[in-house]
Amino acid sequence: MAQSIEGKTAYVTGAGRGIGRAAALELAREGVHVGMIARTESALEKVAEEARSFGVNASIAIADISNLEQVETAIGMLKNELGPADILINNAGIGTYGPFLEIDPEEWKRTFEVNVFGTYHVTRTVLPQLIEKNGGDIITISSSSGLKGTAKSTAYSGSKFAVQGTMEALMQEVRKNNIRVITLNPSLVATEMTFGEELEKSDKEKYMQPEDLAEHMVSLLKLHPRIFIKQSLQWATNPF
Ligand SMILES: NC(=O)c1ccc[n+]([C@@H]2O[C@H](COP(=O)([O-])OP(=O)(O)OC[C@H]3O[C@@H](n4cnc5c(N)ncnc54)[C@H](OP(=O)(O)O)[C@@H]3O)[C@@H](O)[C@H]2O)c1
């Protein structure tokens with residue numbers, strides 16, 4: 001690989017479970033110090049303890065990313081404890097599904113507040129740290145639904161298309177600061193978001209696992225800083 005990421009610092013949102021947890025632990029395994037954000041303290045504490053077992057520093061901060069003030073306080077805490085970020089993993093998000101006319105308007109709005117405004121709040125707060133360093137990486141987890149709409153996913157798809165466009169535009173803006181803005185677009189990944197309480201019973205050989213995405217993120221981060229894959233789409237090989 002072209003560069004080692006050992007000793008860097010990453011902030012990961014939604015690190016309490018699923019893809020965010022796997023990303024934080026895979027980064028810790030690579031020697032990256034991790035700062036983690038979500039709303040549930042107990043879940044974050046457990047992941048932080050696991051991360052520290054790889055010999056890195058791990059800090060947690062509680063925030064609902066849809067609230068800018070909470071995000072600013074949380075990022076401030078992580079910066080004090082770990083130092084400024086080299087890597088931001090914009091992962092926290094929620095899924096909302098149902099026929100267009102049946103989704104509660106408040107739930108529709110909330111999907112945008114978390115997925116779009118939440119991602120914006122975190123990026124807006126962390127970006128100055130990367131600009132100051134004149135380099136760094138922002139990986140955002142959009143979705144295959146952010147590239148193609150499907151029936152009953154108006155809120156989720158709409159929000160992920162917005163994330164996609166925002167990150168594409170930001171990518172063009174901050175390349176000149178040596179900041180690589182990367183968007184991942186996974187299809188179904190086996191997490192609580194998709195399988196709920198049935199997660200443990202799901203077929204691990206058949207469905208993409210959070211660890212698969214985490215390994216992909218690390219491989220993207222290890223590319224020589226002169227190159228980046230601006231967008232990638234992950235599919236399960238044979239989920240049928
Ligand atoms: N699973 C899939 O098939 C799939 C496919 C494509 C894209 N994605 C995207 O991948 C990302 C992670 O999904 P996942 O499947 O790992 O979901 P998950 O298992 O439900 O985990 C979501 C994480 O985000 C945190 N979170 C949710 N709302 C938050 C908020 N308002 N503020 C702060 N943290 C919040 C959750 O913690 P708290 O509840 O404690 O806050 C949790 O740690 C999401 O953006 C999702 O849209 C998932």
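Analyst: Strand 2 (residues 33-38) and strand 3 pair in the parallel sense, with five bridges. Strands here are DSSP E runs of at least two residues and helices are H or I runs of at least four, numbered from the N terminus; two strands pair if DSSP finds at least two bridges between them. This is a predicted model: local features need pLDDT of at least 70, side-chain atom pairs count only at pLDDT 80 or more, and totals for chains, interfaces and linings use all residues. Residues are numbered from 1 along each chain as its sequence is written.

User: What stands opposite valine 34?
Analyst: Alanine 58 in strand 3. Between strand 2 and strand 3 the chain passes through helix 2 (residues 41-52), and this β-α-β crossover is right-handed (clockwise from the first strand over the helix to the second, with the strands pointing away from the viewer).

User: And strand 3, how many of its residues are buried?
Analyst: Four of the five in residues 58-62, so strand 3 is largely enclosed by the rest of the structure. Buried means 20 or more other C-beta atoms within 10 Å of the residue's own, exposed 12 or fewer, partly exposed in between, with C-beta atoms placed from the backbone.

User: What's the strand order in the sheet?
Analyst: The order is 3-2-1-4-5-6-7, in an open sheet of seven strands with parallel pairing. Strand 3 and strand 7 (231-234) each have a single partner strand, so one side of each is left without a neighbour in the sheet.

User: Switching to the ligand, which residues come nearest?
Analyst: Gly14, Gly18, Arg39, Thr40 and Gly93, of the 30 residues around the ligand (C-beta atom, placed from the backbone, within 6 Å). Helix 1 (18-29), helix 4 (105-133) and helix 6 (192-195) are the elements that give two or more residues to that shell.
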